[in-house]
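Please read them beside the sequence and the coordinates.

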Amino acid sequence: MIQRIQSIFLLLAAVFFFLEFAFPFFNSDTYTQGYFADNTYDIQDHPALLGLTIAAGIICLLAIFLYKNRSLQTSLVYVSIVLAIVLTATMIILLQSNTPKFLEQSSPFIGSFLPLLSIIFLVLSLRSIKKDDKLVKSMDRLR
């Protein structure tokens, strides 16, 4: 159901996950080995980053259509939040393990902040789902 606000929030979270394909995490001006061999570090540099991004985006899109089952929708939103946190942590861990002085050699780009924006919209959708659930339970008490 698209007219519900949590559907809009979930759609925006999925869009931010899929925008990872367009924007790199970090850019570098100097040539180094490892992930900066092409002067960018993005999700196509490691299969774990690619898999986490695709999984989180698909789960967000799937959660939009589960509006009748709010408990499952809530669980999927929690899974997406965890995947976004794991994506951010994996991004940093892989970069530090391959290029220890990455902060000196690179500058963050828009892709670094997209998982954080996704988390914000996932939390907003979670709040809206819980409000809907509370409203339905209060209507059940009136009957």
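1. Is Phe18 buried, partly exposed or exposed? Phe18 has a relative accessible area of 31% and is therefore partly exposed, where buried means under 20%, exposed over 50% and partly exposed in between (1.4 Å probe, protein chains only). Phe18 lies in helix 1, helices being DSSP runs of H or I with at least four residues, numbered from the N terminus.

2. This is a predicted model, in which local features need pLDDT of at least 70 and side-chain atom pairs count only at pLDDT 80 or more, while totals for chains, interfaces and linings use all residues. Residues are numbered from 1 along each chain as its sequence is written, and side-chain values use heavy atoms, with hydrogens and water left out.

3. The structure holds 3 salt bridges, a salt bridge being a side-chain nitrogen of Lys or Arg within 4 Å of a carboxyl oxygen of Asp or Glu. In one of them Arg4 pairs with Asp132, with 2.9 Å between the closest N and O atoms; Arg4 lies in the segment before helix 1 and Asp132 in helix 5 (residues 114–142), so the pair ties together parts that are 128 residues apart in sequence. Arg4 counts as buried at 13% relative accessibility, whereas Asp132, at 23%, counts as partly exposed.

4. Arg70, Asp133 and Lys137 are linked in a network of salt bridges. Asp133 meets Arg70 at 3.2 Å, N to O, which links helix 5 with helix 3 (residues 70–98) across 63 residues. Lys137 and Asp133 have their closest N and O atoms 3.7 Å apart, and both lie in helix 5, 4 residues apart, about one turn of the helix.

Definitions and conventions
Helices (H or I, at least four residues) and strands (E, at least two) are DSSP runs, numbered from the N terminus.
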